[in-house]
Amino acid sequence: MDTQSQVVDRLRAAFRAGTTMPEQFRRTQLTKLMSMVKDNEQLILDALHKDLAKPKFEAVLSEVDIVINELHYAIDNLSSWLKPEYVSKNLATKLDDCFVQRQPLGVVLIIGPWNYPVQLILIPLVAAIAAGNCALIKPSEVSAATDSLIAELIPKYLSQDCYAVVHGGADETKALLQNRFDHILYTGSQTVARSILQAASIHLTPVTLELGGKCPCIIYGKIDITVAARRLAWAKFFNAGQSCVAPDYVLCSPANRDALLPALRKILEDFYGKDPQTCPDFSRIVSPRHWTRLMELLGRSSGKVVLGGESSQEDKYIAPTVMVDVAEDDALMQEEIFGPILPILTVESLEKGIEFINRQEKPLALYAFSDESSVVNTVLENTSSGGFCSNDGILHMTLPSLPFGGVGFSGWGSYHGRWGFEAFSHRRAVMLRGWALERLNGLRYPPYTENKLSWLRWSASPKSCSLM
């Protein structure tokens, strides 16, 4: 078996040979990747169920179809993405061809997480392939069954000279990062991201970081509380709350909280029955270590459990849980929960809710639930987040025409669709000049005069464009 450095060298040799440059090669690899997902859908679903007990319904939507849709979008738009982007010119460059050329970066590293171990590996890979890069893929060892399956399937379908999968935990990843890459896309925690940044800085490697954070959902004003509860519960407890864009906590008025709680009680029973542990539509926590972390958070919280709270260590199960009387400095509010626990905090006004949100780190997603457009627009215009969605959760990141990414503490850069293609491309400024207009060009040559300077400043100014 090749060492990590040998794998990187093999990919770099293929890139330098120009293997990935032709549009047809990229199309072929994207088509083969689509075949991989479609041909092996049941194997993918089985692996996801083994790792996270993901229901087929959730797995198809969030791991299979979202990747297939991304592939269709990339294949359909690839030709237009590759075309030169011509730019405006002035009089001095009137006869020149001036455009932006997208070039692949080289050999890129994609490090995926365990919560959506297919989607969050393959969608970045779609972007890397479309942009013409070679890619090394590092799935999460925590979702072991999916990790093994991806490592088995990728070499069967994609060019082994250009794409490879590596295994391992923290030590292997640390060693992997000693190699030079031309871009790194990492999805995961802020703690690991800092280590990746340190390693990348040695080679001045650019990075895209998708990090999550505490995504707030503010519920305010007039609202259909039953619909709001249904959409909130679906977004929060999808994949047992193990989503980077899941609503992490709710901010609402005391009156809305009092209306929301009975609605949530009924909705959760409608969704998962009286005993969610026996419901096949509810996932499990990925590992004993992650289960213990969540139970310790619950134990340290001074809040009151009003719905759920049941758990089973052996089954890695935590019931959909709703808590009230949670303070801003509560243990549940100090880190991303990343599990099926939903704190509800009350605020006196919309302004106080916005102030609360703005005191925290910028989240990956922010949700505003209200029938009043003025409420939604006020939240939208006075906050900052990676993404924003009104009156629903998660759905904004399923659209390939919208960028998916964080800001500040919740991430650097974005991808999906054209945005992923751009993340893995260098935008090269190109000017193709001939030998014409040398008399005009002569204005810039010594000996310098005030008259030459005056004409040159005018010919290079935006005003000269209007006379062309």
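Which residues of helix 3 are buried? The legends below take up this question and other local features of a predicted model.

Residues are numbered from 1 along each chain as its sequence is written, and side-chain values use heavy atoms, with hydrogens and water left out. In this predicted model, local features need pLDDT of at least 70 and side-chain atom pairs count only at pLDDT 80 or more, whereas totals for chains, interfaces and linings use all residues.

**Figure 1. Overview of the chain.** The chain has 17 helices and 20 strands; helices (H or I, at least four residues) and strands (E, at least two) are DSSP runs, numbered from the N terminus. Its C-alpha trace spans about 85 × 60 × 35 Å along the principal axes. Of the 468 residues, 54% count as buried, where buried means under 20% relative accessible area, exposed over 50% and partly exposed in between (1.4 Å probe, protein chains only). Among the contacts with a separation of 6 or more, 72% come from residues 24 or more positions apart; contact means heavy atoms within 4.5 Å.

**Figure 2. Helix 3 and its buried face.** Ile44, Leu45, Ala47, Leu48, Asp51 and Leu52 are the buried residues of helix 3. Seen down the helix axis, these residues fall within an arc of 165°, so they line one face of helix 3; the arc is that of the directions from the helix axis to the C-beta atoms. They pack against helix 2 (23-39), helix 4 (56-82) and helix 6 (144-157). Helix 3 comprises twelve residues, 41-52, and reaches 16 Å from its first C-alpha to its last, close to the 16 Å expected at 1.5 Å a residue. The expected span of a helix is 1.5 Å times one less than its number of residues. Alanine 53, with a positive phi near 55°, follows helix 3.

**Figure 3. Helix 2, a packing partner of helix 3.** Helix 2 is one of the helices against which the buried residues of helix 3 pack. It has 17 residues and reaches 24 Å from first to last C-alpha, close to the 24 Å expected at 1.5 Å a residue. Its buried residues include Phe25, Arg26, Gln29, Leu30, Leu33, Met34, Met36 and Val37.

Figure 4. Helix 1 (residues 4-16) has 13 residues and reaches 18 Å between its first and last C-alpha, close to the 18 Å expected at 1.5 Å a residue. Val7, Val8, Leu11, Arg12, Ala14 and Phe15 are buried in this helix. Down the axis of helix 1, its buried residues fall within an arc of 160°, so they line one face of the helix. The buried residues of helix 1 pack against strand 2 (97-104), strand 3 (107-111), strand 4 (134-138) and strand 5 (163-165). Glycine 18 follows helix 1 and has a positive phi, near 80°.

**Figure 5. Asparagine 179 in a loop.** Asparagine 179 is placed in the loop between helix 7 (170-176) and strand 6 (183-187). With 15% relative accessibility, asparagine 179 counts as buried. Its side chain reaches the backbone oxygen of leucine 176 at 3.0 Å. Leaving aside neighbours within four places in sequence, asparagine 179 is in contact with Gln4, Ser5, Val8 and His203.

Figure 6. For cysteine 162, which is in no disulfide, the nearest cysteine sulfur is that of cysteine 134, 4.1 Å away. Cysteine 217 is likewise in no disulfide; the nearest cysteine sulfur, belonging to cysteine 252, is 8.9 Å away. Cysteine 162 counts as buried at 0% relative accessibility, and cysteine 217 is buried with a relative accessible area of 0%.

**Figure 7. Aromatic pairs.** The structure holds eleven aromatic pairs. The ring centres of tryptophan 455 and tryptophan 458 are 6.2 Å apart and the ring planes lie at 85°, so the pair is edge-to-face. Rings of Phe, Tyr and Trp (its six-membered ring) pair if their centres lie within 6.5 Å; planes under 30 degrees apart count as stacked, over 60 as edge-to-face and the rest as tilted. These two tryptophans are three residues apart in helix 16 (residues 450-459), separated by about one helical turn. Tryptophan 455 counts as partly exposed at 49% relative accessibility, and tryptophan 458 as partly exposed at 32%. Elsewhere, Phe271, Tyr272, Phe282 and Tyr317 form one aromatic cluster.

Notes:
Disulfide = S-S within 2.5 Å. Polar contact = N/O pair within 3.5 Å; in protein donor to acceptor, adjacent residues only side chain to side chain.
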